[in-house]
Amino acid sequence: SDHMENIYGYLMKYTNLVTGWQYRFFVLNNDAGLLEYFVNEQSRHLKPRGTLQLAGAVISPSDEDSHTFTVNAASGEQYKLRATDAKERQHWVSRLQICTQHHTEAIGKNNPPLKSRSFSLASQGSCNSPGVQRRPSQNAISFFNVGHHRSSSGKRVPILQPDHLVDVREMMSQAEGQQRDLIRSIECLPVSGHLTSLDQDLLMLKATSMATMNCLNDCFHILQLQHASQQKGSLPAGTTISWLEPKISLSNHFKNGAAQSFSAEINKPASVREEQSISEPGQLTREAEEINPDEELEDISDDKEDDLGAVEEQRSIILHLLSQLKLGMDLTRVVLPTFILEKRSLLEMYADFMSHPDLFLAITNGGSAEERMIRFVEYYLTSFHEGRKGAIAKKPYNPIIGETFHCSWRMPKSKVGAEAGGDAPAPSSSEQVTPAKDLEGQTELDYYTVKFVAEQVSHHPPVSGFYAECVERKMCVNAHVWTKSKFLGMSIGVTMVGEGLLSLLEHGEEYTFSLPCAYARSILTVPWVELGGKVNINCAKTGYSASINFHTKPFYGGKLHRVTGEVKQNATNTVVCRVQGEWNSLLEFTYSSGETKCVDLTKLSVTRKRVRPLEKQGPFESRRLWQHVTESLRDGDIDKATEHKRALEERQRSEERLRAETETPWCTKYFLKEGDGWVYHKPLWKTLSPVQTQQMDSN
């Protein structure tokens with residue numbers, strides 16, 4: 001109640017592209033649950049220029065900066081507002097959220113319970129439809145007419161009768177069919193005219209019906225768990241409980257509402273049965289495996305994501321997906337359509353950030369702490385271009401928990417000289433790839449080897465750990481990343497929560513760094529990727545730091561993919577290097593000496609990674625795990641890719657349920673949890689003894 005007072009004050013409100021941001025006087029009316037605004041404070045006694053009902057609204061701080069936030073009403077109306085500073089934004093956001101929660105809960109309390117209402121999925125005139133006819137036993141009372149027994153406390157506890165679950169399952173199946181028919185009917189409407197398939201009310205009906213089925217599905221699963229728990233308590237030890245049925249899979253509505261045909265198990269492709277039958281990964285060997293780089297071969301796959309036609313063809317699917325989402329919604333648990341997927345796992349995407357190992361290895365060549373920091377910044381900014389394949393924004397596979405990815409790079413020592421960083425000019429030829437023939441005839445002493453390993457260490461939240469090292473150069477990098485995705489209207493934002501640590505053992509230096517946010521823009525037309533946000537790189541030992549800003553394109557004008565940054569000495573606050581340009585094309589570095597250097601990222605030499613052949617990979621290594629999905633996407637068979645993808649995801653859910661029931665913790669393979677982060681189990685700073693370091697220095 002202390003936080004429910006009315007508040008008022010000036011905020012900036014975004015109007016449109018022409019008038020832009022304008023100061024308006026806002027009043028939060030807690031008693032009525034309204035957010036009102038006026039032209040100015042003097043006109044407060046007049047009728048408000050605008051009013052938003054806060055019940056059911058979503059209040060979302062913006063990722064763009066620390067001042068902006070949005071108020072998204074249940075009606076679909078949105079206010080984009082900006083406070084004078086971060087403190088004022090937090091004050092408004094917290095008060096708005098409290099008011100919103102209060103009035104949303106009040107609506108729920110004031111409405112009658114569901115059992116006193118009457119609903120029908122059938123419209124008038126369709127009562128004879130076979131899908132909506134009920135047997136006498138299919139009424140709500142018979143479905144939930146459960147027996148009772150008294151507990152030791154004297155309270156009546158419901159006992160679920162076994163045959164009731166069968167009836168519930170049958171009704172769920174019928175409801176799913178009716179909801180599918182509803183979706184099909186809506187999407188068969190014309191795209192123009194009095195009533196169209198894109199009508200706002202019909203899109204809302206699609207979204208709410210899908211949400212209802214999801215809720216019913218979750219409730220049914222809870223009933224299954226309760227039923228199994230009661231059976232376990234009454235059966236002898238060692239008795240195996242078989243599920244009545246796997247958790248119901250809602251049909252795939254990404255085919256314009258068409259009925260999805262689920263083949264019988266015997267008719268499924270062998271590859272799908274294999275994906276569903278792979279045993280619990282915890283029962284497989286969870287011992288860390290030492291990968292021999294000599295078994296790895298140069299990667300020859302070239303899956304460029306440049307198919308723009310598929311997005312236009314599937315536009316109705318995207319519209320359907322958008323009708324189910326709310327602004328600010330967390331997309332972690334949202335199943336996205338298969339056609340937007342890249343043909344690689346997120347774990348492999350992290351490896352592609354290492355596609356310029358010559359620049360990475362050259363960091364430790366810097367003759368001073370200042371030069372090493374600058375070299376790290378140069379390498380950092382050149383890593384994102386190759387990590388994104390193609391102009392279209394597609395999404396890599398969500399890694400399965402326990403999934404791993406291994407690879408390595410071989411870099412001729414002659415190409416990692418002191419001139420690889422610093423003031424060296426960028427290559428002027430067209431984009432080059434370091435071919436295997438450059439390494440033919442060379443012994444292990446002629447090249448450096450960079451090893452990489454990544455593992456999905458957590459499913460909820462989705463956290464990945466990755467580690468790379470070069471023993472000869474006495475350097476390694478360890479990072480963990482939690483990807484948090486959010487729906488932002490016509491774009492999707494992904495926040496990379498986590499931290500990386502670069503260790504230069506030869507110099508005793510550690511560099512901490514973070515990662516920028518990523519945005520998929522224009523998701524209704526041709527989606528494209530934009531990076532945004534501020535990242536920091538720090539070295540506590542040397543006192544050097546770097547601040548890098550990835551600028552998102554403003555509403556009107558401005559350049560795409562712009563990045564700026566500076567490197568400074570913290571003790572004196574002296575800027576020793578400035579950088580500006582575009583993270584995917586041209587970067588310009590200006591040093592304290594006045595000299596400048598331009599790096600054309602499109603012309604940098606790319607070193608292909610080396611990966612073990614599929615037949616030598618373990619069942620949970622990325623490429624082998626996703627091979628059938630990848631092959632189907634290459635063949636353009638979206639339905640088949642979706643089937644393989646669903647099999648993998650369903651197996652992961654089943655394994656997660658089993659671990660929860662047996663209270664079995666998940667055991668990682670390569671990474672250990674330390675505090676809030678994840679660290680490789682054998683990092684170079686632990687395995688490389690001081691004696692070895694001295695011997696390598698002498699060599």
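## Largest cavity

The largest cavity holds about 210 Å³ of space. Here a cavity is a set of points, on a 1 Å grid over the protein atoms alone, where a 1.4 Å probe fits but cannot get out; its volume is the space filled by probe spheres set on the points. The search of the whole structure gives four cavities of 30 Å³ or more.

Lining residues have an atom within 4 Å of a point. The largest cavity has 14 of them, with Phe-353, Tyr-379, Ser-383, Phe-466 and Phe-513 closest to its centre. Helix 10 (residues 369-387) contributes the most to this lining, five residues; helices are DSSP runs (H or I, at least four residues). By class, the lining has 13 nonpolar residues, one polar and no charged.

## Basis

The model is predicted: local features need pLDDT of at least 70, side-chain atom pairs pLDDT 80 or more, while totals for chains, interfaces and linings use all residues. Numbering starts from 1 along each chain, and side-chain values use heavy atoms, without hydrogens or water.

## Helices 12 and 13

Helix 12 (residues 627-634) packs on helix 13 (residues 638-662) at about 165°, with axes 8 Å apart. Helix 12 is therefore roughly antiparallel (over 145 degrees) to helix 13.

Contact (heavy atoms within 4.5 Å) involves His-628, Val-629, Ser-632 and Leu-633 of helix 12.

Definitions and conventions:
Axes are lines fitted to C-alpha atoms, for helices over the stretch in contact, and angles run from 0 to 180 degrees between N-to-C directions. Helices (H or I, at least four residues) and strands (E, at least two) are DSSP runs, numbered from the N terminus. Angles under 35 degrees count as roughly parallel, over 145 as roughly antiparallel, 65 to 115 as roughly perpendicular and the rest as oblique. On a 1 Å grid over the protein atoms alone, a cavity is a set of points where a 1.4 Å probe fits but cannot get out, and a pocket is an open set with protein on both sides within 12 Å along at least five of seven lines; lining residues have an atom within 4 Å of a point. Ala, Val, Leu, Ile, Met, Phe, Trp, Tyr, Cys and Pro count as nonpolar, Asp, Glu, Lys and Arg as charged, and the others, Gly among them, as polar.
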